[in-house]
Amino acid sequence: MSNTMKKSFSFFLAALLILGLAACGNHAGTEPAESRTPAGSATEAASGETASMPENAENGSSESTGTPEASGEAGTVPSSGDEEDQSRTLVVYFSATGTTKGVAEKIAALTGGDLYEIVPAEPYSNADLNWNDRSSRSTREQNDKSARPGIGSERIDLTGYTTIYIGFPIWWGEEPRIMDTFVESYRFDGMTMIPFCTSSSSGIGRSGSNMEALAGSGTWLDGKRFGGNVSQADLQSWIDGLR
Ligand SMILES: Cc1cc2nc3c(=O)[nH]c(=O)nc-3n(C[C@H](O)[C@H](O)[C@H](O)COP(=O)(O)O)c2cc1C
């Protein structure tokens, strides 16, 4: 090989080497670009998905969180209802002019109890309630211990009730005879019976023991007389004292 040929070959080799290095350099430079591109594409895809995800997520979340919550609530209500069913309270009352009714409603609100009104089959007129008339219906009934005025309200199923507040107005110092009709019409086994009354001034007297004897069942607590304007606080402290 001549010197000239050697130089040419060396130059060729050098040129090849430079081209090779240049090619490597370009290749090395494309990698980040390529690696960025998928990342960029991924980002774009992700951002594209991100843009659509909230809709999906919202839809999904509203469906997925709504459903369990709804089913959770649906599951809770019956179970707490079942618990309440094991010790239910009933407030039974008779009220000729609305006073006892008001007290009964307050007791029901404070105890979470159900209300049941003893409605006379034959309503009491003002004339019937005239205690100044010795021959008025109420006077005649109170003078006759065997009088049992009929009840017009639908019969109540006492199943599940464990506490019964039983309220009435005082008539001639005692429970109206329609209360005797009521207590003789039901069995109160396993139930705690709590009499209460309203009056102008008289106490509850023998009313509770009269009804207990006629009922022949239930555990009867001492009753209490209230004025029509008794406060919720006074009723609450009475209720608390019964426990
Ligand atoms: C026929 C009759 C007899 C009553 N006898 C008495 C009584 O002996 N002593 C008393 O303090 N109040 C008596 N009252 C008044 C009621 O007990 C009192 O007004 C009661 O709060 C009425 O309740 P009500 O609105 O639920 O019917 C009598 C009322 C009537 C209609």
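This is a predicted model: local features need pLDDT of at least 70, side-chain atom pairs count only at pLDDT 80 or more; totals for chains, interfaces and linings use all residues.

Modeller: Two packed helices are described by the angle between their axes and the distance between the axes. Here, the axes of α2 and helix α6 (residues 232–242) come within 10 Å and cross at roughly 60 degrees. Axes are lines fitted to C-alpha atoms, for helices over the stretch in contact, and angles run from 0 to 180 degrees between N-to-C directions. Helices are DSSP runs (H or I, at least four residues), and strands are runs of E, at least two, numbered from the N terminus.

Biologist: What do we call α2 relative to α6?

Modeller: That angle makes α2 oblique to α6. Under 35 degrees counts as roughly parallel, over 145 as roughly antiparallel, 65 to 115 as roughly perpendicular, and the rest as oblique.

Biologist: Which residues make the contact?

Modeller: Residues are in contact if their C-beta atoms, placed from the backbone, lie within 7 Å. From α2 you get Lys 106, Ile 107, Leu 110 and Thr 111, and from α6 Gln 232, Leu 235, Gln 236 and Ile 239. They divide into four nonpolar, three polar and one charged. Ala, Val, Leu, Ile, Met, Phe, Trp, Tyr, Cys and Pro count as nonpolar, Asp, Glu, Lys and Arg as charged, and the others, Gly among them, as polar.

Biologist: How many helices and strands does the protein have?

Modeller: Six helices and six strands, running α-β-α-β-α-β-α-β-α-β-β-α from the N terminus. Helix α2 (residues 99–111) also gives the most to the shell around the ligand, with three residues.

Notes
Residues are numbered from 1 along each chain as its sequence is written. Two residues are in contact if their C-beta atoms, placed from the backbone, lie within 7 Å.
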